[in-house]
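Open your viewer and get ready to select pieces one at a time. We will visit a sheet, then a pair of helices.

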Protein chains: 2
Amino acid sequence: MTDLVTMGHAARTASYTLGTLTTAQKDAALLAIADEIEAQAATVLAQNALDIADARAKGTVEALLDRLLLNERRVAGLAADTRKVAALPDPVGEEIEGRVLPNGIRLSRRRIPIGVLGVIYEARPNVTIDIATLSLKTGNAVILRGGSETLRSNLALVAVIQAALAKVGLPQAAVQYIENPDRALVAELLRLDKYVDMIIPRGGAGLHRLCREQSTIPVITGGIGICHLYVDASADLERAIPVIENAKVQRPSVCNALDTLLVHRHVAAEFLPKVAARLTQSGVTLRATPDAMAILAKDAGGATVLPAGPDDFDQEWLSLVLGVKLVDSVDEAIAHIRAHSTEHSDGILTNDWGNATHFVNAINSAAVFVNASTRFNDGGQFGLGAEVAVSTQKLHARGPMGLEALTTYKWVAIGDMHIRP
Amino acid sequence: MTDLVTMGHAARTASYTLGTLTTAQKDAALLAIADEIEAQAATVLAQNALDIADARAKGTVEALLDRLLLNERRVAGLAADTRKVAALPDPVGEEIEGRVLPNGIRLSRRRIPIGVLGVIYEARPNVTIDIATLSLKTGNAVILRGGSETLRSNLALVAVIQAALAKVGLPQAAVQYIENPDRALVAELLRLDKYVDMIIPRGGAGLHRLCREQSTIPVITGGIGICHLYVDASADLERAIPVIENAKVQRPSVCNALDTLLVHRHVAAEFLPKVAARLTQSGVTLRATPDAMAILAKDAGGATVLPAGPDDFDQEWLSLVLGVKLVDSVDEAIAHIRAHSTEHSDGILTNDWGNATHFVNAINSAAVFVNASTRFNDGGQFGLGAEVAVSTQKLHARGPMGLEALTTYKWVAIGDMHIRP
């Protein structure tokens, strides 16, 4: 029987140890984990092979099998990634602000770990190492719950982590894994507010919704992107085409890929056939409004164009489909984005200073782009060194979450036997 | 019928207007509200008199009646407070960080309003003005739900605010009030995640629990303080006594008041009779562990001392009661605080540099004090200019929440038709 209260209590206790470690101690633990990954590569690969065999027997498609798969190169990559996390700057301990109050009390805000994290994720086994190492780097304990397809791989990786933690004298409960596949345990984890401080779901819209609905613990939601680019009448149309192509086709299955193209009516007749011709080279299908259909009916550049259905502008396509709509103005583009965006990644392609400024001021998505692909909304691209998740909510963290998003702060007030008047 | 979806939609639409106002426009609105409060003071007082009459008829005790009461001086105070909010610096628009990425994209994080706030609060009518003005200052729309005891007062104040908003040409839906007393509407508000970005409960533990349990919107919880002071063996005992007195008796009904006094065993025989003698002057009753009882049995300085019951160290007393426990070391004090604190306000009274450092590093409460009263954990005392709430959770904001806690940020990326390689 999985006793989450026992796990939670152990995680909380471990978090007290982790929270007062020096950066050197945490980095030593991470390097020990990297070494252990290499030392136990054969065991990890053997367990992964069992997962893969099961998945294949169940008829899992090759594309998904590839996501589940570990091989020698990928395991070496896990060790290398762990060493990279060790090399990142440690945000814990930073004095965010400090001053002397008028009464002489010295007041500061000091960055501290959040405490205990609960992370629920889907198939890929590398997330196990990713989240565990980022949690340790920031002094947090973590309770992991991964997808059942890679259960044996995940357990092997957690065993590697715990073995390394033991070698450097740190509590193994710093990284725990909910092994029992019973889904009721997810619901229980979401209500373990006595011990868990933050829930991070890494998966689809259904998982995020489940967490928001059921959790009594603060949840970081995000990762769902209905992303827009608006082509202004002033845009450099030739140069706009590769940006749209990049946003749509570079990696269509991810959350910062483009979903809807808004085009100013004045340039639509010139622009739509060109962009359609380019996108069709990558196999993109368009879903267009009637006025855009009318233009593309004359010249679609060989592209497949279907009429946009009533819900097509509320779709995160995650595939080679792109909604196309004409607008009369930047304000109509803003209104469309406000009505349909998930506030993940939205941008304007323009050469008009006023329109760019107006768009950036009016659109409050997690990342707002001017003359750049939505694909840049990413912790690595934004220089954060690591990415825990991409948040689209308003509290705590927005957009790509780096190490800092795994920390909070406390106020420290130093007096000389001060009393409040 | 109260249609929360309509209210939510109107609030969201209003938030788009509020989010792009200049500081001057927002401050003009606040000054108009202050003027309107003064102009309509008689109406507000008449409505409040009806609330007070009803409350008195229901047998409400005088202390609570005083919390509900408005009079000419208090209404003048509401106008003055509103002008103070207008005079505060506006956090919106701040560039939190900005740099040029290696690829030439100019990346910054810009502070923006959260959007739409939902605030659920108890009796005092001044909270209506307080929250509405802080929301407007930060460009947020707000949906208010106050206590039924002051419904007419709250509605009169919201009418004043909406009249002022209309005068300056701003949408009245910026500040809305749920008038229908049906409690089902609270549950509905907590699930209005399509339109509301953050829930702030201002009330007792039951309200906070309800919000955590039922909300699909991020909730700021806090306001519940089981607060500790630890008297180290090295403390200046004479000077420690007024600090403990201040923490316990200056305003015992609030969340940063002292609940548990931990005393190092080495100084207990000398210290406890003195502190008990001082506290009894203010009517404090002690709840002591057996070893503390034994000392106080010889000399309690006239204080009433009862044996501490099994749950007494998990009580937020909110009254003139103080738990007393002896400990053998700073580590035992830390362990007790970790087990029993709500992480609101905890402190050490010491003259030992090592123990103070150890305590501050180990205790991660929202505010940690060295040689100062826990009563300082307050937005005004910490120089924030305003206090929205006191958070004890780990995400978004901790401790006193000033205007900045009503904001979030967006990433703004300015390129020159950049594509991701």
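In which order do the strands of the open sheet stand? Select the 10 strands β10(A)-β9(A)-β11(A)-β8(A)-β7(A)-β12(A)-β13(A)-β16(B)-β2(B)-β1(B), in that order; their pairing is mixed. Strands (E, at least two residues) and helices (H or I, at least four) are DSSP runs numbered from the N terminus. Two strands pair if DSSP finds at least two bridges between them.

This is a predicted model: local features need pLDDT of at least 70, side-chain atom pairs count only at pLDDT 80 or more, and totals for chains, interfaces and linings use all residues. Residues are numbered from 1 along each chain as its sequence is written, chains are lettered from A and ligands numbered from 1 in the order written, and side-chain values use heavy atoms, without hydrogens and water.

Now select the edges: β10 (304-307) of chain A and β1 (95-100) of chain B. Each has a single partner strand, so one side of each lacks a neighbour in the sheet.

Zoom in on β1(B). It pairs with β2 (residues 106-113) of chain B in the antiparallel sense, over five bridges. Pick Glu97(B): its bridge partner in β2(B) is Arg109(B).

Next, select α2 (residues 23-39) and α6 (residues 126-137) of chain B. These helices pack at about 160°, with axes 9 Å apart. Axes are lines fitted to C-alpha atoms, for helices over the stretch in contact (heavy atoms within 4.5 Å); angles run from 0 to 180 degrees between N-to-C directions. That makes α2(B) roughly antiparallel to α6(B) (an angle over 145 degrees).

Finally, show the contact residues, including Leu30(B) and Ile33(B) of α2(B) and Ile129(B) and Leu136(B) of α6(B).

Methods: Parallel < 35°, antiparallel > 145°, perpendicular 65-115°, else oblique.
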